[in-house]
Structure formats: structure tokens, C-alpha cells
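Subject: Structure handover

Hello,

Please find the structure below, followed by notes on what was found in it. Could you go through them with the coordinates open?

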Amino acid sequence: MITYPSFYPQFRCIAGDCPDTCCRGWDVELDEETYYSYLVAKGPFGERLRGSMAEEDGCFFFPLTDRGRCPFLNAQDLCDIYTELGPERLCRTCREYPRSFAGAGRYEQADLSLSCPEAGRLFFDPATDVSFVTDPDGGTGEFAGRSPADETSLNALLAERDRLLAEPFGEADAARLAEDLQANLPELRTEMQAFRLLDERWTAVRAETDAWQSRRNGSVAADAAAFFAETPEALLWFARLRDYFLFRYAIDGFYEEDRDQNPLRSAKRLTSHSLQILLLMCLTRREHRVSAGEPFARSDMEELARLYSREAEHADENLQILKKTVSP
Ligand code: SF4
């Protein structure tokens, strides 16, 4: 059985037309099968592969160049491994990205990371169907070995998650989100500062949100109300974002939570926290747009969600910082 957002099968990488690249900012982790196949690759390209690989604590990877890029990302932002050896010889990380998989026992889920611009474009397009579908016969079986300790608890957690996903996100939820952001501004700032830097653009995000807070004296309500009032699509964006985070974090919670007490506690807190950071980023960007006499656009939302996702979702230590902050 597999559950995924309806638009998941629509995704196609746009490669050379991509306004960003997924081959920068994070080391490319190599699965064992790929690592051993590269060890015996022939010719000068095989030599290049072997000269670019490293191992740490039993994990194999391509360390980034001094410019923070994958060593196989060429000047045209295309992949030399893809060109030289073909797509089937890419490592699992590169074959799957931006697809993300999780599961327990017979249950599997898949979605697309918002760190990819094309996934973000589809996700925020109002014409895209982002509702979740379940294929009872689908799935790879790869999580069968990770059997849930208690299938009844897993089913209860998934039922509760689906109930929350079915709840609408309206003006009252947006107002509550602004109140939570107001209350948590100091800790959000500490958290954003503490993230290990994966993308140099995060430095600018931190500096801009800090400057915005100083100018606003930490007062959020009026700006948040104006943002949602002026930006007709914003409620839809935040509704979708809420579902995106909840879907991702709920299954994590199955393994980390006291399931019998409150199965989704951590997922709900992480979701709210992520939405607060994104709202803070939106309010900061909105101020720039207002001074330039321009509206806050969907492309702004796509870019901010991309930057947040790149920073928070692709480094385990950053995700742990978020989890630590929201733990009771
Ligand atoms: S970020 Fe997305 S669209 Fe861009 S190259 Fe990577 S997978 Fe393709």
C-alpha cells in the first residue's frame, strides 16, 4: 500500500532549464551498490569517479568542491555522470531526488521535496491537485523489514493524520499562526541562526528576517493580517504547506513518540513551527515588495519554501534542532 499526493506522478526534472540545482550545497551520498560499481568503472572517467569519492563513518559520498558544488556538476549545470554513463548509473540519491519515501511495515508513502523548484512550481499552482491518494496494491516493499512494533498504533496514527489533513485551513488558522509566531519569535531566531549552513542564501534570509524584526519591534499581527488580506492565494499556500509538513512528520512520529499518549504531538508541533518560520520569511519578503510597489507573488512563495526546505529538510542536524525546540 502506498499513499502520495495526486500530482506526484506528474513530476519531471527540467534539468538544464532548472533555475536552481540540486547538486549544490549538500554532499551527495552514495549507496553501497553505486559505490562499488564506481570502484570498478573503466577508463579515465572511472579514475575521475574514484578520485572524487570519500568515506566517513562507513558512509560513502562525493565531497563538494570549494564552490559548494557536486564535483560532477559541469559549467552548464548538467551532470557529467548522467552524460558519460547514463541515468541508470546515477546513485540512488540522484535517481530519486526530489522524491522522498518513508514507511513502516506494509505502509509506504512518497512525496516531492519543496527544495526542488519544479516540485514547488507544481505544488503551489492552484490548478494542481495536491490531495493524497492511496494505492492499496502499490509500494516497493522496502519498508517491510521496518515492521511497526504495533500495527494497531500505526493504523490509529494514520487515521488521526488523515483526519487532520481533511480539516480546512481558514482565516482563524492564519490568525492563530500569526499569534504563535509572535510568541515564538526569539526561539525561532535562535533556531534559524543555529542551522548548519547548506546554502549561502540562508545567510541572507537570516539577516533579512532579523532586520525585519528590529524594524517591526517584534510586532507581527498587523503585517500578518495585511499579508493574508493582500495575497488572495496565501491561505491556499499555507493550507497546502500544513498538509505537506504533517504528512512528512506524522510517520516519523510513529517511531519517536509515546504513541499511546499522543501519537501526533511531535508532528503537529513541527508542522506549526515550520509554518511559523515560513510566515516570518513571507512577512520579510512582503516588506521588500511593498517598498518596491510590487505584489507578493507565487514565485516568492515558491522560492521561500525552497530555501526553507533546502536548509531544514536536507540536513539531519538541522531537523534535530527543530525537533529539540518543539520537544516538551
Ligand atoms: S532541482 Fe529539481 S528540477 Fe532542478 S535539476 Fe534538481 S530535480 Fe531537476
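By class, the shell around the ligand in this predicted model holds 9 nonpolar, 1 polar and 2 charged residues. In this classification Ala, Val, Leu, Ile, Met, Phe, Trp, Tyr, Cys and Pro count as nonpolar, Asp, Glu, Lys and Arg as charged, and the others, Gly among them, as polar. The residues around the ligand are Cys13, Ile14, Ala15, Cys18, Asp20, Thr21, Cys22, Tyr97, Pro98, Cys116, Pro117 and Glu118; a residue is listed if its C-beta atom, placed from the backbone, lies within 6 Å of the molecule.

Residues are numbered from 1 along each chain as its sequence is written. Since the model is predicted, local features need pLDDT of at least 70 and side-chain atom pairs count only at pLDDT 80 or more, while totals for chains, interfaces and linings use all residues.

Domains. The chain is divided into domain 1 (23–96) and domain 2 (153–326), with bounds from an automatic or database domain assignment. Taken over C-alpha atoms, the centres of domain 1 and domain 2 are 33 Å apart.

Sheets. Helices (H or I, at least four residues) and strands (E, at least two) are DSSP runs, numbered from the N terminus, and two strands pair if DSSP finds at least two bridges between them.

Gly103 has Glu108 in β6 as its bridge partner. β5 and β6 form a hairpin with 2 residues between them, and Gly105 in the turn has a positive phi of about 60°. Strand β1 (residues 2–5) pairs with β7 in the antiparallel sense over 4 bridges; Tyr4 stands opposite Val133 in β7.

A second open sheet consists of 3 strands in the order β2-β4-β3, with antiparallel pairing. Its edge strands are β2 (28–30) and β3 (54–56), each pairing on one side only. The twist averages 40° from one strand to the next. β3 and strand β4 (residues 59–62) run antiparallel and are joined by 3 bridges, with Phe61 in β4 as the bridge partner of Ala54.

Helix packing. Axes are lines fitted to C-alpha atoms, for helices over the stretch in contact, and angles run from 0 to 180 degrees between N-to-C directions. The axes of helix α8 (residues 201–216) and helix α11 (residues 265–291) come within 9 Å and cross at roughly 75°. That makes α8 roughly perpendicular to α11, a term used for angles of 65 to 115 degrees. The contact is made by Val205, Glu208, Thr209 and Trp212 of α8 and Leu280, Met281, Leu283, Thr284 and Glu287 of α11, where contact means C-beta atoms, placed from the backbone, within 7 Å. These residues divide into 5 nonpolar, 2 polar and 2 charged.

Helix α9 (residues 221–230) also packs on α11: the axes come within 10 Å and cross at roughly 80°, and the two helices are therefore roughly perpendicular to each other. Asp223, Ala224 and Phe227 of α9 meet Leu279, Cys282, Leu283 and Arg286 of α11. By class this contact has 5 nonpolar, no polar and 2 charged residues.

Regards

Conventions:
Parallel < 35°, antiparallel > 145°, perpendicular 65-115°, else oblique. Contact = placed C-beta atoms within 7 Å.
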